[in-house]
Amino acid sequence: MMMKILEKLNPNVAGITPYEPGRPIEEVARELNLDPAEIIKLASNENALGPSPKAVAAMREALPTCHRYPDGGAYLLRGKLAEKYGFEREHVLVGNGSNEILELAGHCFLHSGAAAVFSQYSFVVYRLVSMLCGARMREVPATAGLGHDLAAMREAVSPDTAVVFLCNPNNPTGTMFEPAAVETFMDGLPEDVLVIFDEAYAEIALEAMPDTLRYVREGRPVLVTRTFSKAYGLAGLRLGYAFGAPPLVRALNQARQPFNCNLLAQIGGAAALADDDFVAASRKLCREGRDYLEGVCRELDLEYVPGGAIFMLIKVGDGARVFAELQPRGVIVRPMAGYQLPEYIRVTYGTMAENKRFAAGLAEVLGE
Ligand SMILES: *Cc1c(COP(=O)(O)O)cnc(C)c1O
C-alpha cells in the first residue's frame, strides 16, 4: 500500500539504504532451526570476553534507581573521561554510541551546501550521516592495501568541505595510519574544516596510534570519537564519547537530545574506565586472534589485510557464499558486498575456541 504521506518523505531519507548489521544469533537460530547456544557470532566486532565485570557490578547496584531520568549532563562520566585523558569536562561529549556523535556532527556541519570527505572502504555511517543531512560526498579511492589515501584525501578538501571523516583503525579493513602521515594531513589544513578521527578501537589497537588528542588540546577543529562498545565490551549499552575543543562540544550539545545516554550506560561506563585489566585482556584477545588467523590464512593460501583492530578482512573469493555456508555450521561472519568488497568476509576475533571453530568451518566451506 502506498501511503500518501510518503510523497512528503524527506528526499534525503528516501535515498538511504539502511545499515545492515551483523546477523543476530537468535535470528540465525530461528531461520536454520539451530540451537542458539551452539552458534558463535563473529560478525559485529563485539568483545568475546563479555562486558567489563566492573561495569556489570556497578550497573547491578544502580538498577533500583532506573525510575529516575539519567543526568542529562552526564557529570560523573564526563568527569572520569576528562580525568583519564587530561582534559576538562567541557572537552567531553557523550553519545548514544559514538554513532550518535557522528550524526550530531552531521546535524551541526553538513547540509546541501557542504561536503563531507571520507575514504572508500571506510565505515558506512559516514555516508549515511552525509546523506541524511543532504551533504555532498567526496569518497576518495583507497590505497592498493585498502587503507585511507591521506594525501589524496587532503587534495579532496575544497572550500565547501565541512567535515573529513578519518577512521583509524579503519572498519571494515583494519588498516591503520602512519602517525607521520596524519601530521602531514593536518599541516596547514584550513581552520574551517572539521576533522573527525573515529578511533573506535584505540584502546586495543595493535599498532601505534597517532596522538590525535594533541590537536584537541591545541584547540584545532578536531573531534576524536571513541566508544565503550569494543575495548570495554559494552556494545549493547550504546555509549560513546568524543573529545573536542569546548566551543565545538557546546555546538554538538545544542543538537543533542537531553537524555541521550541512559542511566545504566553512564554508570557502567564510568566504572569500566577503571577496568584496566579488562582492556589489557581485550588487547591480548586481539593479538592472539590476529596471530592465529594469520596462520590459518597462510595455511589455506588466502589473502588477508593485516589489520590492527579486533577483526580481519579475508579474501575468500565469493564472500556471500562463504558467509551463507558458514551459518549452518553455526558460525556468523560478515559478508562485505555492502562495502563493495564482495570477495571478502570480515571476521571478528573470538575466544580461541571460537577462532578454531571458524577456521575449521572455513576450511570445510573452501573444500580444503
Ligand atoms: C564499532 C564502531 C563504532 C562504534 O559505534 P558505537 O556507536 O559506539 O557502538 C564507531 N566507528 C567505527 C569505525 C566502528 O567500527
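User: How far is the polar side-chain atom of Asp198 from a nitrogen atom of the ligand?

Analyst: Happy to walk you through it! This is a predicted model, so the distances here are computed from it. A polar contact is a pair of N or O atoms within 3.5 Å. In this case, a polar side-chain atom of Asp198 lies 2.8 Å from a nitrogen atom of the ligand.

User: Which side chains have a polar atom 2.6 Å from an oxygen atom of the ligand?

Analyst: Thr227 places a polar side-chain atom 2.6 Å from a ligand oxygen. For Ser229, an N or O atom in the side chain is likewise 2.6 Å from an oxygen atom of the ligand. As for cover, the ligand taken alone exposes 390 Å², and the protein buries 94% of that.

User: Where does the ligand sit, and how many residues surround the ligand?

Analyst: The ligand sits in the second largest pocket. Around the ligand there are 13 residues, the closest being Tyr201, Thr227, Ser229, Lys230 and Arg238. By type, this shell divides into 4 nonpolar, 6 polar and 3 charged residues.

User: Let's turn to cysteines. How many disulfides does the structure hold?

Analyst: A disulfide needs two cysteine sulfur atoms within 2.5 Å. The structure holds 0 disulfides. For Cys108, the nearest cysteine sulfur belongs to Cys133 and is 9.3 Å away. For Cys167, the nearest is that of Cys286, 15 Å away.

User: Is Cys167 buried or exposed, and why does Cys108 count as partly exposed?

Analyst: Buried means under 20% relative accessible area. Cys167 is buried, because its relative accessible area is 3%. Cys108 counts as partly exposed because its relative accessibility is 25%.

Key:
Residues numbered from 1 in each chain as written. Predicted model: local features only at pLDDT ≥ 70, side-chain atom pairs only at ≥ 80, totals over all residues. Heavy atoms only, no water. Buried < 20%, exposed > 50% of the residue type's maximum accessible area, 1.4 Å probe, protein only. Near = heavy atom within 4 Å. Polar contact = N/O pair within 3.5 Å; in protein donor to acceptor, adjacent residues only side chain to side chain. Areas by Shrake-Rupley, 256 points an atom, 1.4 Å probe, with all protein chains shown as cover. 1 Å grid on protein atoms, 1.4 Å probe; cavity = no way out; pocket = protein on both sides within 12 Å on 5 of 7 lines; lining within 4 Å. Sits in = over half its atoms within 2 Å of the grid points. Nonpolar A, V, L, I, M, F, W, Y, C, P; charged D, E, K, R; others polar.
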